[in-house]
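Welcome! Take a look at the sequence and the 3D structure below, and then we will walk through some details together.

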Amino acid sequence: MEDIMPGNDSYTKGLKKMKEMGREDTMLNQRKISEDMYQLSVGALFGDIWNRPHLSLRDRQLITMAAALLTLSSPQVLRDAYNDVRNTVPNVLRNKELVK
């Protein structure tokens, strides 16, 4: 697909962070619906928020998991969040840590 934000540093950093996390396939349904929204999301979420210096990737993953647990909107959402965190960066979060 065409890159509509070729000079956007946040988008470029977002793609790099997604690759680092093993999440290149994240939000592809959104991309099919709106390329603009996909690129804005990648830039804002992965390019800006997930690259902020104050928290480690591990801590961000724990916060994401905790937020998913709090919403408890559906068992599928919880399973997806758990699997995303567990599979994102092997050996950063261990199953024992997630369970605690």
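Which side chain meets that of Glu35 in a salt bridge? The partner is Arg31, with 2.9 Å from N to O. A salt bridge here is a side-chain nitrogen of Lys or Arg within 4 Å of a carboxyl oxygen of Asp or Glu. Side chains of opposite charge can pair when their charged atoms come close.

Before going on, note that this is a predicted model, in which local features need pLDDT of at least 70 and side-chain atom pairs count only at pLDDT 80 or more, while totals for chains, interfaces and linings use all residues. Residues are numbered from 1 along each chain as its sequence is written, and side-chain values use heavy atoms, leaving out hydrogens and water.

Searching the whole structure gives three salt bridges:

| Salt bridge | N to O distance |
|---|---|
| Lys17 and Glu20 | 3.4 Å |
| Arg31 and Glu35 | 2.9 Å |
| Arg58 and Asp59 | 3.2 Å |

Lys17 and Glu20 sit three residues apart in helix 1, so about one helical turn separates them. (Helices are DSSP runs of H or I with at least four residues, numbered from the N terminus.)

How accessible are these residues? Lys17 is buried at 10% relative accessible area, and Glu35 is buried at 14%; buried means under 20%, exposed over 50%, and partly exposed in between, with a 1.4 Å probe and protein chains only. Glu20 is partly exposed at 49%, as are Arg58 at 29% and Asp59 at 28%.

Finally, visit Met27, in the loop between helix 1 (9-21) and helix 2 (28-33). Its phi is near 65°, a positive value in a residue other than glycine. Most residues other than glycine have a negative phi. Met27 is partly exposed, at 21%.

Terms used. Helix = DSSP H or I, 4+ residues; strand = E, 2+ residues; numbered from the N terminus.
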